[in-house]
Amino acid sequence: MEYRKATIEETQIVCDIVQETKAIIYPHYYTQAVVDFFGRLHSIDNIKKDIAAGRIDVLIIDGKIIGTGSRTDNHITRVYVLPEQEGKGFGSVIMDRLEEEIFKEYDDCYLDASLPAAIFYEHRGYCTVEHRKHDIGDGEVMIYEIMRKEKGLKISGGQNE
């Protein structure tokens, strides 16, 4: 297992992971208009900019990139694991590394949680601080959570200590 910063040459791979995961998982939770919005939000151009800025990491298993996570300051964004790799703890590995980096500099971290990810983050000690509704046009809205975790919070058996 290797976890490191993504390179510009890996832009398409990172984009493919995000887009594939979004296309398979999100339609179970969101309308097609919202799924398409996520696709535009995580476009190859935006991913390339974030890689160039050093904000995107990749998780490599057996020589293959299977997951990605990003951060800007103490805000975690774009955490995705290929659907066929979900449930194996790889999302937790990515989150552990992102949180470790953030907590070196900050006392808390934030993230925008999609509906399918909110429970995962809750189990990691994140608490919803705000429910948001984003108008994406044509009468469509995207619902998501702003979640926060404090430095030093220990999780045991899914409960905060």
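User: What covers the buried residues of α3?
Analyst: The cover includes α1 (11-25), β2 (56-61) and β4 (75-81), with contact meaning heavy atoms within 4.5 Å. Helices (H or I, at least four residues) and strands (E, at least two) are DSSP runs, numbered from the N terminus. This is a predicted model, where local features need pLDDT of at least 70 and side-chain atom pairs count only at pLDDT 80 or more, while totals for chains, interfaces and linings use all residues. Residues are numbered from 1 along each chain as its sequence is written, and side-chain values use heavy atoms, with hydrogens and water left out.
User: Which residues in α3 are buried?
Analyst: In α3 (residues 44-52) they are Ile-47, Asp-50 and Ile-51. Buried means under 20% relative accessible area, exposed over 50%, partly exposed in between (1.4 Å probe, protein chains only). Down the axis of α3, the buried residues fall within an arc of 100°, so they line one face of the helix; the arc is that of the directions from the helix axis to the C-beta atoms.
User: And what is on the face turned away?
Analyst: The exposed residues Asp-45, Lys-49 and Ala-52.
User: What comes just after α3?
Analyst: Gly-54, with a positive phi of about 75°.
User: Is Cys-109 buried or exposed?
Analyst: Buried, at 0% relative accessibility. Cys-127 counts as partly exposed, at 40%.
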